[in-house]
Amino acid sequence: MPRNNRVTSARWLDAGRQGRAATHPPQAAPLVAPVPPIVPAPPESQPGIDAAQLWLALHLPALLLEAVAKVGDPPLAVIDTDRGVQRVVAMTAAARTQGIQRGLGVSAALALLADLVLRPRDLRREQQLLIQVATAALDFSPRVSLEPPDGVLLEIKGSLQLFGGLAALSHALQQRCAAEGATARIGVAPNPLAALAGARTARSFSVTSEAQLVARLAPLPLLALRWPDVTLDRLGSMGVRTLGELLRLPRAGFAKRFGRSQLVMLDRLVGKLSEPRQIFRPKERFRGRCEPSFEISDHGTILRYLQPLLAQLERFLRQRQCALTALHCRFWHRRADAVPARFTPLRLALAAPEWSAERFAALLGAHLERLVLPAPVIRCELRSGELLPFALSSSSLWQLGEHGGAQGPEAPALIERLRARLGSAAVYGLCLVPEHRPEHAWSVREPATTLATTADAARAVTPPVDGYLRRPLWLLQQAQPLPDASRLQLLEGPERIESGWWDGRDIARDYYLARDRHGTELWVYRQRLAPHAWFLHGVFG
Amino acid sequence: MPASSDTALHELLQHPAIWRGRSTARGATLSTGFPRLDEALPGGGWPRTGCIELLTPRWGVGELRLLMPTLAQLSQLVPARWLAWIAPPFEPYAPALLEQGVAIERQLVVRASKPLWAMEQALGSGACAAALAWLPSERSRGLARRLRRLQLAAERGQGLGFLFCEHASARESSPAALRLWVEPIEQGVRLRLLKSRGGLRSPFELRWTDATQ
């Protein structure tokens, strides 16, 4: 690359300023590291955040390692096949001190350290762990985004107040990640890419103001961007080693040499372009497993190993405001001829939706006691059944039915549940219509979710007039013709109902109370007009 | 026997741990509105929670009329809860219900192809004081197992379940707390308690006019 391509002026930022001038009033460009503010920085509880968004990146530097093993004492290395050759891709600190390095061949590594434990890379488990971390991050912010293979992003502007400031939030997050079995490095910046770059390469990277961003990014190495090796090599040969140097390159020339997409990425890095992120939605089934380091045959121990899984399950359910009515467990056995099944299943069916780990544990304990295990257990798996929406509510002082506990949210919930399965027309309430025509004297209506405690309507029964027959409890949807009405025994009647001339559906009928040969009481009518046909309209029930 | 020892014995027999033939069901009960029926039932009325099976030759032989005083009573209770009608064979007729003193606005009709499922939901939710379900005979297969679930749901939701089945299903065993065989007679029904914890065994007749208002 010709020497004269090297640019030392701050053209990058000049161009940036021009771009910005269109929308914003001119600002002091952060050409150099900003002058320390005259006013001392406010305390942590009220951080001086002027950015519209604040992104926190979790970078999991030891993901490869943590996916395959608990970080323990024996020196361990993760190997991966690279162009047909197995090479070390990650190692524990203990192994590193013994001279094991990334890229070392397997035989070379074993020659250096004979008792080195080698594990193949487990991509699926890595992904799982990442999702686990992202799921845990949902406790801190609803806007979580994945950055595979080893990053998770959170938008935390709205969460700072709740968690008591950035430092407290970062600390809590790191603790949660550790609980999930992942070491996390944290970077905070007004845009996702800068936060990621910071988390990847800096020890503690926390920028809460747009104005400081470029200056803080400048010393970071190019590696932070995860660009292809070819690009990095070319930039390296140009003498560009840090982000600061990169940002000083002229825009047009950079775009020509490295492509527009890289330019867009740089614009996103300094916050000139916003970066749309896909929000992480956790999957709607819980699945967890634990592998104890030894074989268990004791039910109490199994339950103890299941406890952390159940705690995870509870968190999972709480985040979604859901509950379960079914929980599946599998207890895996070592493959042996004497044991026909690889695992023993256990299905927990609950009568009411449940979410509490404590209650699951109690139920599981009771079920486990009865479970016969053909062999010791080497692995426990837990899978949730269908998730049911479950509104957590404060429980009333009185239990339902005790001292007349008020009708809570069960009523609408019941309607929703029934309608979800049966369709909304299948669930309805009744109401009266002041009408003489029997089929129009009632109507379907929306079920009342707030019920009057005193039913005044029931009191207002109209006194029966002469010739008024009592009404049947059942009404047929459509009156049925009665071909053999002569076999009916007429008990009471007639009651003449003649009405409805105003809407064209007028009726002229003589109603009778009749009994059929089985002893069922029927409500029948005879049309007044020819052909004087008989119809069945109701059953007294 | 002197009177004092008689009362002492009587007090002793009131102890809940003592089991004596007819006097077993000492849970809370709800009057049926028919003195004859109250007398025949253990504890003097319907149980407050649980499932009751009514076996009829066909729909509409008086099985619903039999429940009207009960439903009227339940629909006046505070707090207000629904009465669910699950898969009724015809439309419940609001004017007639009103005549019987049943509060119309507390009725909930559910048209379900799986009545037992809907009934379990209704009873278990706690939002229904009672649920009535109609079960054609082809649906009553394997009822025993489902009924146990219903029983539990009814206890959880503090509700009363009435299940209407056809006579044919009397052959199958049932975990219901109470099973009644219903037959029509003129102006009333003939009842027989197929299963009850200490109720009357022999059939007896009820007249509609007997109902206490």
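## Contacts of B:Trp181

Contact here means heavy atoms within 4.5 Å. By that rule, and leaving aside neighbours within four places in sequence, B:Trp181 is in contact with B:Leu55, B:His167, B:Ala170, B:Arg190, B:Leu191, B:Arg192 and B:Leu194. B:Trp181 sits in strand β9 of chain B. Strands (E, at least two residues) and helices (H or I, at least four) are DSSP runs, numbered from the N terminus.

B:Trp181 is buried, at 18% relative accessibility. Buried means under 20% relative accessible area, exposed over 50%, and partly exposed in between (1.4 Å probe, protein chains only). B:Pro57 is 124 residues away from B:Trp181 along the chain, yet their C-alpha atoms are separated by 8.9 Å.

## Basis of the model

This is a predicted model: local features need pLDDT of at least 70, side-chain atom pairs count only at pLDDT 80 or more, and totals for chains, interfaces and linings use all residues. Residues are numbered from 1 along each chain as its sequence is written, chains are lettered from A and ligands numbered from 1 in the order in which they are written, and side-chain values use heavy atoms, with hydrogens and water left out.

## Backbone exceptions

Most residues other than glycine have a negative phi, and most peptide bonds are trans. B:Ala87 has a positive phi, near 50°. This residue lies in the loop between β4 (82–86) and β5 (91–92) of chain B, and is buried at 16% relative accessibility. B:Gln187 also has a positive phi, about 60°. Its loop runs between β9 (178–185) and β10 (188–195) of chain B. B:Gln187 is partly exposed, at 35%.

In chain A, the peptide bond from A:Pro148 to A:Pro149 is cis, with omega near 5°. A:Pro149 is in the loop between β5 (144–147) and β6 (151–155).

## Where the chains meet

Chain A puts 55 residues in contact with 60 residues of chain B. The two chains bury about 5,100 Å² between them, 63% of it on carbon and sulfur atoms. Buried area is the accessible area (1.4 Å probe) lost when two parts are put together, summed over both. On the chain A side, A:Leu430, A:Leu473 and A:Trp474 lose the most area to chain B, together 16% of what that side buries.

One salt bridge is counted between the chains. A:Arg515 and B:Glu186 meet in a salt bridge at 3.7 Å, N to O. The rule asks for a side-chain nitrogen of Lys or Arg within 4 Å of a carboxyl oxygen of Asp or Glu.
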